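This briefing looks at side chains that meet inside a protein model. Keep the sequence and the 3D view open while reading.

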Amino acid sequence: MDSDLSSQDRKDLDKFIKFFALKTVQIIVQARLGEKISTCSSSSPTGSDWFNLAIKDIPEVTHESKKALAGQLPGIGRSMCVEISLKTSEGDSMELETWCLEMNEKCDKDIKVSYTVYNRLSLLLKSLLAITRVTPAYKLSRKQGHDYVILYRIYFGDVQLTGLGEGFQSVRVGVVGTPIGTITLSCAYRTNLALMSSRQFERTGPIMGIIIDHFVERPFTNMAHMHPCSYRTPGEDEGGTYAGIEDSQEVCTTSFSTSPPSQVMPSLSGEMHSDVLCMCGTQVTTTSLDLPFAAFTPRANDLEVNDPMVHPPPSPAPSSPLQGSLHSNSSSHSGGQPQDDFVMVDFKPAFSKDDLLPMDLGTFYREFQNPPQLASLSIDVSAQSMAEDLDSLPEKLAIYEKNIDEFDAFVDTLQ
Amino acid sequence: MNCRSEVLEVSVEGRQVEEAMLAVLHTILLHRSTGKFHYKKEGTYSIGTVGTQDVDCDFIDFTFVRVSSDELDRVIRKAVAEFKDALGNSGSDGMGQISLEFYQKKKSRWPFSDECIPWEVWSIKVNVVNLANEQERQICREKVGEKLGEKVINIVEVINRHDYLPKMPTQSEVDNVFDTSLKDVQPYLYKITYQITDSLGTSVSTTMRRLIKDTLAL
């Protein structure tokens, strides 16, 4: 006598496992769509929300899940896996993570199916919601679009983790014991994503080269089974009706309710984001604003010391020897002869050839390092004194008054 | 029954305190909230549906999931804001701890008041650090995001041990186990308290505030 499980319990358990698997895939794929997910709480049970959680069903995803399950259920030796990978606009792809729904032989015979198992499966789905936002692929999926897209693939059978590269990490989402085995949900994720993102900002080498490092040989036939984590409004998809819609008759009964389920599974409209991810655009190369030869330009503080604009030379008063030397230093001139006060350092910039060209880099820098003094700012000792300036003012004013019409006309042209 | 106690520690910058606390508290409450119970005449009950939503943090590279209940979010934000203010007033090297305690009420006979028996306590120790420049802040954004990810994994591990949970109550007992004051979700009865310690580790400003979520007055 099978005292372990009544037939009703067994039927219930099978249904729970089936819908748990479907909801698991929905949560994972929706978490990789690249947008924030939001669903509403509802205090009145409609009898259609499995595990008392509001998780939308994307028909395409349900269809793929059922196709992968092919009428079977996840069980001992039959794991259901959701593989998430990244595909660049160049066409290269890389596996990011694999979510595994497995069952082992450890049975919990005493557990109550319709109560404890159901509630624990609900809890496990909540944990899955939390953990899907924590693995590295989440951040990548939020930024998908021009440079890369995120794809998913569902398969049934043995877990394949070789595509995740060396050093992949594993996180266990949770376990639920049942009378027929223990359900475990876990995620194995690639860890050397960080290497990829820092390399993205190197100037050298396109990202394609780097992808190949991580890229274990992937039979390209597999790509046929990859699906973008995006939702297209119905009509764009092949067919239009999915097996999922027929199955919507199979409604979940919320725990402990004795009243029959009143509504079918809510039909899914195109209310979800329908971004078609475009695979175009160039890779991100560099965000640095390095100037070429930045290392060889004079430093800012050096420039400041000699810059007459920053340190305007004092007005020409009887000059002390100190001022005299200051003036001569700041009034540098083109074709710059270095003053006796300064020691000439032979400026040898890298990659320049000495004296082979009429204007090599060093000469260029020397000539243009200190631009010529503006005539209006030149303060040779022979320049007019302040007093003389003031004397000439009335003359100047008289001239300007005479030409006032000219000035007015000029102002008019500006307006 | 022994009370389960879990301690989580985070080091954050001042402006990250609020979001880090919200992320942890909401992650715990996500697992400790159910839909509203609706009792039927036959003594059975059905459970409402819990919605969820993603919340992006502004000062941390992190996204967390919370239950879709604005009422609950308001209560948690209020508690976290008070904690953050208290932490800010304690001085620049402030350390503090915020605790989320789940409890059951046990009715006592008059004149004794009901007993509150905790069955799970989460303590989050916070250490506020000061950063010197924008570069450090950027690194802190990412690091704290990773740390919070680890905390979420820790929380999920604990939840998943399926240790003691209060028995599902009958209709008359539901308010001894659950907070039924919210209209859309039903968390287990909980309390949020906090303590601030100064940089020397002594409880100088021992501000113990209790926010009791129990609307069923006797």
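**Core and aromatic contacts**

Apart from neighbours within four places in sequence, B:V126 is in contact with B:V10, B:V12, B:V17, B:M21, B:F83, B:L87, B:G94, B:M95 and B:G96. The model is predicted. Together with B:M21, B:V126 has the most contacts inside the largest nonpolar core, a set of 118 residues.

- In soluble globular proteins, nonpolar side chains tend to be buried together.

Aromatic pairs
- A pair of aromatic rings is described by how far apart the centres are and by the angle of the planes.
- Over all chains, there are 16 aromatic pairs.
- One of them joins B:F37 and B:Y39, with 6.1 Å centre to centre and 70° between the planes, an edge-to-face pair.
- Both B:F37 and B:Y39 are buried.
- The ring centres of B:W119 and B:Y164 are 6.4 Å apart and their planes lie at 75°, so this pair is edge-to-face.
- B:W119 is in strand 8 (residues 115-129) of chain B, and B:Y164 is in the loop between helix 3 (134-159) and helix 4 (174-177) of chain B, so the pair ties together parts 45 residues apart in sequence.
- B:W119 counts as buried because its relative accessibility is 0%, whereas B:Y164, at 34%, counts as partly exposed.

Aromatic cluster
- One aromatic cluster is formed by B:F37, B:Y39, B:Y45, B:F102, B:W119, B:Y164, B:F178 and B:Y188.

Charge over a ring
- B:K191 has its charged end over the ring of B:Y103, 4.6 Å from the ring centre.

Methods
Residues are numbered from 1 along each chain as its sequence is written. Chains are lettered from A and ligands numbered from 1 in the order in which they are written. This is a predicted model: local features need pLDDT of at least 70, side-chain atom pairs count only at pLDDT 80 or more; totals for chains, interfaces and linings use all residues. Side-chain values use heavy atoms; hydrogens and water are left out. Rings of Phe, Tyr and Trp (its six-membered ring) pair if their centres lie within 6.5 Å; planes under 30 degrees apart count as stacked, over 60 as edge-to-face and the rest as tilted. Buried means under 20% relative accessible area, exposed over 50%, partly exposed in between (1.4 Å probe, protein chains only). Helices (H or I, at least four residues) and strands (E, at least two) are DSSP runs, numbered from the N terminus. A charge sits over a ring if NZ of Lys or CZ of Arg is within 6 Å of the ring centre and within 35 degrees of the ring normal. A nonpolar core is a set of buried Ala, Val, Leu, Ile, Met, Phe, Trp, Tyr and Cys residues joined through side-chain atoms within 4.5 Å. Contact means heavy atoms within 4.5 Å.
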